[in-house]
Amino acid sequence: MKPKVYIDGKEGTTGLQIYDRLAVREDIELLLIDEEKRKDPAERKKFLNAADLVFLCLPDAAAVEAVGLIENERTRVIDCSTAHRTAEGWVYGFPELSGQREAIRTAARVANPGCYATGFLALVRPLVERGALSSKARLACHALSGYTGAGKKAIAQYTDPDRDKELESPRHYAVALAHKHLPEMAAIAGLDRPPLFTPMICDYPQGMVVTVPLWAEELEGPWSMEKLRTLYEDYYAGSPVVTLRPAGAPSCGFIGANNLAGTDGLQIFVNGNQEQRMLSARLDNLGKGASGAAVQNMNLMLGFAETAGLAL
């Protein structure tokens, strides 16, 4: 029998993207709740318990509530909110990190990573694991993203033909330096403290670049750019999703933030000079940063080919 899959919160940006990826698949049975009853607790509970796997595309409090409605041990969960990313009993859903792929395959509860956290962890976790960076490192992280990652309200603002002129320029946000992805960025990277993180929202729909600048002396030993590239090449060897860009990339000197829009991959760049390193990760905030990652995790949990239904 085909596994039954339910998306709780299909009307949100992430939920809709997951639905678009799954609606065309013939290897699952997609359960669809009546639109008039999608907020009815009793009806939701019925669907949550009828499914073999559930995607939660909800605000944090609603995601916690939804987990509480599941009464059987059979229903497995992928939570796309921030509610469970550092919670005990939940597996962090980034298959390319050491040990995570097998943990995801057998997990009952998987927390889908945040988009910014995905870029940051793709760069920093391998450095900490391989001894190139101390867990005590004081890091900075800069990132810019398309407006779809900010949710329905922001999408409505940016697509309004009578919008404020201010929206035409990149805008810093989370200026109190307390972004909601910071706990997972520190915990999953193996750092004692989170980075000083400065994200920006920009006037395009999808795509992001996350950058970690480093002084060469901050690394544990003589890690040249060539040696760093070898580290990443080895760490992500064989991955069709996370890839290292060639030395000297990009040849034009610019890293476009929306080049991977509409795809589910992630690219790593290693640039800099003799004294400084510039590590960058490029991805689609709705692809590997959200819905694409969720489908990749579902594939692992249900025994499908890991990249089934992904755009790579």
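**Terms and values**

Author: Strand β4 (residues 76-79) and strand β6 (residues 109-111) run parallel, joined by 3 bridges. V77 stands opposite R109 in β6. This is a predicted model, where local features need pLDDT of at least 70 and side-chain atom pairs pLDDT 80 or more, while totals for chains, interfaces and linings use all residues. Residues are numbered from 1 along each chain as its sequence is written, and side-chain values use heavy atoms, without hydrogens and water.

Reader: What makes β4 and β6 a pair?

Author: Two strands pair if DSSP finds at least two bridges between them. Here there are 3 bridges, so β4 and β6 pair. Strands are DSSP runs of E, at least two residues; helices are runs of H or I, at least four; both are numbered from the N terminus.

Reader: In what order do the strands of the open sheet come?

Author: The order of the 6 strands is β2-β1-β3-β4-β6-β5, with parallel pairing.

Reader: Why are β2 and β5 called edge strands?

Author: β2 (29-31) and β5 (91-92) each pair on one side only.

Reader: How do you know that α1 lies across the sheet strands, and at what angle to β1?

Author: Helix α1 (residues 13-22) lies across β1 (4-8), β2 and β3 (53-56), at about 155 degrees to β1. Contact means heavy atoms within 4.5 Å. Axes are lines fitted to C-alpha atoms, for helices over the stretch in contact, and angles run from 0 to 180 degrees between N-to-C directions. Helix α2 (residues 41-50) lies across β1, β2 and β3 too, at about 145 degrees to β1.

Reader: What makes the largest pocket a pocket, and what is its volume?

Author: On a 1 Å grid over the protein atoms alone, a pocket is an open set of points with protein on both sides within 12 Å along at least five of seven lines; a cavity is a set where a 1.4 Å probe fits but cannot get out. Points join across faces, edges and corners, and the volume is the space filled by probe spheres set on them. The largest pocket has about 1100 Å³. Lining residues have an atom within 4 Å of a point; of the 48, those closest to the centre are T13, T14, C57, L58 and P59.
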